[in-house]
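Please look through the following report, which turns to the pockets and the ligand one after the other.

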Amino acid sequence: MKKFPTNFLWGAAMSAPQTEGHSLLNGKSASTWDHWFETNPEKFNANQGPADTSNIYELYKEDCQRMEDIGLNSIRTSIAWTRLLPDGKTLNPEAVAFYRDYFQEIRNHGVEPIINLFHFDMPMWLMEKGGWETRESVDAFAFYAKTAFEQFGDLVSKWTTFNEPLVHVECGYLFGYHYPAIVDFKKAVQVGYHTLMAHTCAVKAFREVLPQGEIGIILNISPAYARSESDADQQAKLASDLLNTRSFLDPAVHGHLPEELIALIKENELTPETQAEDTQLMAENTVDFIGLNYYQPRRVQAPTNPAKPAKMPSDLYGAYDWPEKRINPYRGWEIYPEAMYDVAIMMKNDYKNIPWFVSENGMGVADEERFLDENGMIQDDYRIEFMKEHLDYLHQGIQEGSNCFGYQTWTFVDCWSWLNGYRNRYGFYRVDLDNQFQRSVKKSGLWFKQVVQDNGYTN
Ligand code: BGP
């Protein structure tokens, strides 16, 4: 049997905007998602918008029981900034009551809550002022963070600032997938920089309000693998790692941006506006732990005919189509569990072996009702296989000394996925959209329960 370290956290991750529903009710103001769905519903799969999502706002008590039913000992979700502080300043008492009861209920079921502050859900009032493009967003986020620590710090001891901060940078300011769908590399860098400073200032507030607690950040990790050992391909790998991995991981853990990244940004005339105190703030506010969301690697090669200075990241590294790749056809993402080991070793060797956990890993599959058995249970053996393969490599990394303390899958109950709505399902529980969001456990949920019980599994 492959055994995991004592007190290993087994769980699932989710987020407020993807699960709560009640998106414009109970005092919550609009996020960019509510606004975008209202103005451009055609962008969203099957007209599925953010209003209802999986209705945890009403079902959280039953859902906390469901967490216990499949043995989870930890869960990650987020607070909606727009629910807690609808105008950015005034506390919404209904939100405080809801989150307090929800977090208490999680704990009552023997599950440790890890609470995140931002999961792509920018308040619309702030976006109207320029969102992360403005320095004002840093202070606004720090205020929100401080408020959340004060209101819920007695119920939650593990906190994270951002989920995948690079996603709102890329999707919002380079590739058009998230509002405001601007395409501008320089703005993207500025947005990334302000996000980094917002994270930093939130950590600072945390140390003041909850000196006994632990705080981290959740990053999407797509380790780069170069086509060849040639200098040009290796240069592309370096650029990709600097922009996509080290841009947040280095400051979060080491307290400063990599010199090579600063030089790369400068060479390409992308240097953002900064403030004199930022360097010191970063140095003084490193994290206690890191969460890494791993789904797929990044295959890179030297770019062909790159613009100089770069207009897009593709001018710094090209996408390499690895002929041997294995793909999840529903999501179009490569399946490469080996990277889990590489990431574990990277954390050990390059990041001081800081405590870290796999904060998301999972497989989205469309039309899962194809796999319903006669008892109405989804037989998602593909998902079990996916988790096992990844856990195998994670286990190997831990055996070699990587300080990994947990594994959380995406996700607990099927949830709403941004522009993809409910097309691909990831949950341990199926959500029946035609039947008031009724849930039923999948085979993977029962498999996971056994894994948690045994703190490991047999291949
Ligand atoms: C991660 C996000 C999640 C979730 C997941 C699955 O990047 O943190 O919010 O959505 O990916 O991806 P998707 O929903 O796009 O299939």
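## The largest pocket

The largest pocket is lined by 44 residues, and of these Glu170, Tyr177, Gln296, Arg331 and Trp333 lie nearest its centre. A pocket here is an open set of points, on a 1 Å grid over the protein atoms alone, where a 1.4 Å probe fits and which has protein on both sides within 12 Å along at least five of seven lines, while lining residues have an atom within 4 Å of a point. The model is predicted, so that local features need pLDDT of at least 70 and side-chain atom pairs count only at pLDDT 80 or more, whereas totals for chains, interfaces and linings use all residues. Residues are numbered from 1 along each chain as its sequence is written, and side-chain values use heavy atoms, with hydrogens and water left out.

The volume of the largest pocket is about 1,400 Å³, taken as the space filled by probe spheres set on the points, which are joined across faces, edges and corners. Its lining receives at least two residues from each of helix H8 (165-173), strand S9 (298-301), strand S10 (318-319) and strand S12 (333-334), and H8 gives the most, with 4 residues. These elements are DSSP runs numbered from the N terminus, helices (H or I) having at least four residues and strands (E) at least two. By class, the lining holds 21 nonpolar, 14 polar and 9 charged residues, where Ala, Val, Leu, Ile, Met, Phe, Trp, Tyr, Cys and Pro count as nonpolar, Asp, Glu, Lys and Arg as charged, and the others, Gly among them, as polar.

## The ligand

The ligand sits in the largest pocket, in the sense that more than half of its atoms lie within 2 Å of the grid points. Around the ligand there are 13 residues, of which His119, Glu164, Arg331, Ser417 and Tyr426 come nearest; a residue counts as near if one of its heavy atoms lies within 4 Å. This shell has 5 nonpolar, 5 polar and 3 charged residues.

An oxygen atom of the ligand is 2.4 Å from an N or O atom in the side chain of Ser417, and for the side chain of Glu164 the corresponding distance is 2.6 Å.

## The second largest pocket

The second largest pocket has a volume of about 610 Å³, and 28 residues line it, those closest to its centre being Val189, Tyr193, Leu257, Leu261 and Ile265. Helix H9 (185-209) is one of the elements that give two or more residues to this lining, and the largest share, 6 residues, comes from H9.

Conventions:
A polar contact is a pair of N or O atoms within 3.5 Å; within protein, one must be able to donate a hydrogen and the other to accept it, and residues adjacent in sequence count only if both atoms are side-chain atoms.
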